[in-house]
Amino acid sequence: MSTSKQRAQLLLTQMTLEEKIGQMVQFGRIKPKEKDLIRQGLVGSFLNHRNLTLVNEIQRIAVEESRLGIPLLIGSDIIHGYVSTFPIPLAEACSWNLELIEASAKHAMVEAASDGVRWNFFPMVDIARDPRWGRIAEGAGEDPYYGSEVAKARVRGVQSLNADGYPQAAACAKHYLAYGWSEGGRDYNSVDLSEHVLRTTVLPPFQACVDAGVMTFMSSFNDVMAVPASGNPFTLRTLLKGEMKFDGFVVSDWESVEELIGHTTAADQKEAARIGLLSGVDMDMHSGVYLDHFKTLVSENPALEALIDDAVLRILTVKYELGLFEKPFVDPQLRENVILNPETVDMTLKVARESIVMLKNDGTLPLNRTQKIALIGPFGNDPHTPIGCWGAAGHHENTITVTKAFDDAQLNYTFIKGCDALDPSKDGFEAALAAAQASDVIVFTAGEHNLMSGENNNRAFLDLPGVQQELFDALKATGKPIITLLFTGRPLTIGSVIKGSRAVLCVWHLGLSSGTAITETLLGINNPSGKLVTTFPKTVGQIPLYYNHKNTGRPNFRRYLDCDETPLFPFGYGLSYSSFFYDKLTLKSSTISASESLEVSVDITNTSDRDGQEIVQVYYRDLVAQVTRPVKELCAFKKIHLNAKSTQTVTFTIDAQRFGYFTANFRFIVDPGAFALWVGPSSEDGLTTEFTIR
Ligand code: NOJ
């Protein structure tokens, strides 16, 4: 048993029932009433405060004025940077650079911890196949294997050690469970999926977080298979704390235990509190139902105290592990040293560069510095949009906009906004068209404002909002070449923009260094290397559309009368200024046993005269199995740097277990038989071979 757990156990023996309940209570507001609760030991955690003076003050009350002096745990959502804003998680995931992803989580946490945040409600590891859902922006896309790798990197980054040798913060795997499966992409909506999909697609990133040592989990708002996730003993106790061996603690999402009443599985607050406890939700976020009802519930049924003890033990263990008992306060000086530290700001640029995905280029890019640019569209000088959803303490004054970066690069340009992202006014069209006529090339910024994605920012249409499409069409009619910069938190159905543009860069919501990374990419100083981790559909009617779908019994039948079923851009897709040639796909042995590994190698040549980076992807397919299996599944990848005109042999060692699956009654097996394998630059391209598991 860990020392932290032993210490927690000892402390538990000294606690009254009220004090134990207090550890399971978290509040958002800090008013005199809550300060008094701290004194009485009746609250153990607060969330979403960015004021170090206040945090140190309430911590002092907890440590010095409460009977047992148990420190508070301060939580917050640091989703992609604190003051130094990084690209939104979906964008960052397109870098396929796990080292950078880990580093960004670490840098973000170092900044936030200097304001007393020692618990981060991050990472969101919900697999998402529906871009209407606004929270797709917060995750790592649609693939369970890649999502698991990113999840581990993010947990490692958050829980990296601080100067005192304690984790910077506790990470929190969310939203448990299947929150990304909300029907119709409507946030908070019901989820119904098979246990097979749950185990095969939804759970792997959560298990990856447990394996990476994540200290906390968050139970989600939605119901899963008719039981709310924050009142679900099967998913929380049987699966998470049992099968998956999670030994940290579970916090509810905001008031989601009380919302069992809304779900109509609890008649009142008291019943909601009882179900929350029985289900294994260890801490109640903000609703207060644990504080108000646990005492009565225990007096009615003393056996419940054992469940409270288990929850408190878990919470106290995390507090010990974080070193909060040794170091409850944060030195205000630390803030001065770490906030907007040059190394962190530089890291925002590195991540932004690699998050950009080039969707199209007919050779118009890179731009030539002498070209006269008409910069048109709503986002050219918008410092808010690059901050994205969940901006934490990010401030628009720190954002490097495209206009700022164009100025810094001394480009020959005119900026005319032309229209707003949402506003229907076309008053700016005339000036935009005049600027376009006078230019050599149009750089058109289009897409979504930062607050159009994220929590409860769902959309029924995924085209360009407002009059942006009309402006694009008018610009197109000028005959000038158009380069489109797509600012977005989700895939958009923008086929006509892609068709009408000479080049398109998906620049997402890229954070503080947005303009610099974009300008460097336009000029060819940065060679884009990002690849999509989420499918771009052609139209909303195709959703859900994802690369790892099933074959069906009639794979060659046309699915729609009025649209094909291919995506606008597939998973894994992205262009570069370099060109890569794949050759000599070789298996060391084409037959392996279930306890061996498959050794794969491929030669990649950079045939261009530009150094570049390529994301080499390996996919497989189980050709015949006991249950239906996806037509293709990612099983390995590597991001490599390749100098111009050079060749590298890239090798992969893939454990045969990776080719296993769950049978219809959830037994994990590695099935003997034939498999197809692809190695290529995207999920729709590559060299192919076959192998056998004997
Ligand atoms: C609600 C969101 O669903 C969750 O992701 C977040 O961590 C909490 N609120 C706390 O802000």
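For my tallies, Ala, Val, Leu, Ile, Met, Phe, Trp, Tyr, Cys and Pro count as nonpolar, Asp, Glu, Lys and Arg as charged, and the others, Gly among them, as polar.

**Ground rules.** I am working on a predicted model, where local features need pLDDT of at least 70, side-chain atom pairs count only at pLDDT 80 or more, and totals for chains, interfaces and linings use all residues. I number residues from 1 along each chain as its sequence is written, and side-chain values use heavy atoms, with hydrogens and water left out.

Next came polar contacts (pairs of N or O atoms within 3.5 Å). Ligand oxygen atoms lie 2.5 Å from a side-chain N or O atom of Asp77, 2.6 Å from one of Arg135 and 3.2 Å from one of Asn48. The protein covers 95% of the 300 Å² of accessible area that the ligand has on its own (Shrake-Rupley method, 1.4 Å probe).

**Helix pair.** I then turned to H16 (residues 429–437) and H17 (residues 468–477), which pack at about 35° with axes 10 Å apart. Helices here are DSSP runs of H or I with at least four residues, numbered from the N terminus; axes are lines fitted to C-alpha atoms over the stretch in contact, and angles run from 0 to 180 degrees between N-to-C directions.

Which residues meet? From H16 I noted Phe429, Ala432, Leu433 and Ala436, and from H17 Glu470, Leu471, Ala474 and Leu475 (heavy atoms within 4.5 Å). By class, this contact has seven nonpolar, no polar and one charged residues.

Technical notes. Helices (H or I, at least four residues) and strands (E, at least two) are DSSP runs, numbered from the N terminus. A polar contact is a pair of N or O atoms within 3.5 Å; within protein, one must be able to donate a hydrogen and the other to accept it, and residues adjacent in sequence count only if both atoms are side-chain atoms.
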